Amino acid sequence: MTIIHIVMFEFKPNTEKATIDDVCTRILALEKKCIHPESKQPYIKAASGGKQNNPEPVAVYQYGFVIEFESLEDRDYYLNKDPAHLEFKKSVKEFGVKVGCLDFAPGVF
């Protein structure tokens, strides 16, 4: 069952553009850096994202990313054990980035 993992970032107002660009580049690079412990291959099916451009007042995050996994097991490994992802999460905390997440299986209500 496919799992969609949506991650949203809100940077502090004084965050330098170079820092924001670096964080955004590094989250997208996880598609290739996250390696499955058994297959020894990348296991993220797809990753995309960018700067928020919705003009509605309910748009509260500045950047959004969509990461697709083949299964709950892959998503859970990513969230809890993958060394590349854990290091990325640790680095983002250093910048005081506010993070929001939403995961779902398409069509499961």
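Rings of Phe, Tyr and Trp (its six-membered ring) were taken to pair if their centres lie within 6.5 Å; planes under 30 degrees apart count as stacked, over 60 as edge-to-face and the rest as tilted. Seven aromatic pairs were found in a search of the whole structure. In one, the ring centres of F9 and F11 lie 6.1 Å apart with the planes at 80°, so this pair is edge-to-face. F9 is buried, at a relative accessible area of 2%. F11 is also buried, at 3%. Here, buried means under 20% relative accessible area, exposed over 50%, and partly exposed in between (1.4 Å probe, protein chains only). The rings of F69 and Y78 have centres 4.9 Å apart and planes at 55°, so they form a tilted pair. F69 and Y78 are both buried. Ring pairs also join F9, F11, Y63, F65 and F88 into a cluster.

The model is predicted: local features need pLDDT of at least 70, side-chain atom pairs count only at pLDDT 80 or more, and totals for chains, interfaces and linings use all residues. Residues are numbered from 1 along each chain as its sequence is written, and side-chain values use heavy atoms, with hydrogens and water left out.

Charged pairs were examined next. Side chains of opposite charge can pair when their charged atoms come close. A salt bridge was defined as a side-chain nitrogen of Lys or Arg within 4 Å of a carboxyl oxygen of Asp or Glu. The search of the whole structure gave six salt bridges. One of them joins the side chains of K17 and D21, at 2.9 Å from N to O. K17 and D21 are four residues apart in helix α1 (residues 17-33), a separation of about one helical turn. Helices (H or I, at least four residues) and strands (E, at least two) are DSSP runs, numbered from the N terminus. K17 is exposed, with 57% relative accessibility. D21 is partly exposed, at 34%.

A second salt bridge involves the side chains of K45 and E70, at 3.5 Å from N to O. This pair links distant parts of the chain, 25 residues apart. K45 belongs to strand β2 (residues 44-51), while E70 sits in the loop between β3 (63-69) and α2 (72-80). K45 is partly exposed, at 37% relative accessibility. E70 is likewise partly exposed, at 43%.

R75 forms a salt bridge with D103, and their closest N and O atoms are 2.8 Å apart. R75 is buried, with a relative accessible area of 14%. D103 is partly exposed, at 26% relative accessibility. Salt bridges with shared partners also join K45, E68 and E70 into one network.

The loop between α1 and β2 was then considered. H36 lies in this loop. H36 counts as buried, at 18% relative accessibility. Its side chain reaches the backbone nitrogen of E38 at 3.0 Å. Polar contacts of this kind are pairs of N or O atoms within 3.5 Å; within protein, one must be able to donate a hydrogen and the other to accept it, and residues adjacent in sequence count only if both atoms are side-chain atoms. Leaving aside neighbours within four places in sequence, H36 is in contact (heavy atoms within 4.5 Å) with Q41, Y43 and D74. K40 is found in the loop between α1 and β2 as well. Phi of K40 is near 60°, a positive value in a residue other than glycine. K40 is exposed, at 57% relative accessibility.

V99 lies in strand β4. V99 is partly exposed, with 41% relative accessibility. Not counting residues up to four places away in sequence, V99 touches V7, M8, F9, Y61 and V92. From V99 to G64, the C-alpha to C-alpha distance is 9.7 Å, across 35 residues in sequence.

A nonpolar surface patch was also identified. M1, L72 and V108 make up this patch, of about 300 Å². Patches are made of residues with over 30% relative accessible area and no salt bridge: like charges are joined within 9 Å, and nonpolar side chains (Val, Leu, Ile, Met, Phe, Trp, Tyr) within 5 Å. Accessible areas come from the Shrake-Rupley method with a 1.4 Å probe; for residues, only the protein chains shown count as cover. V108 is found in the segment after β4 (98-104). V108 counts as exposed, at 56% relative accessibility.
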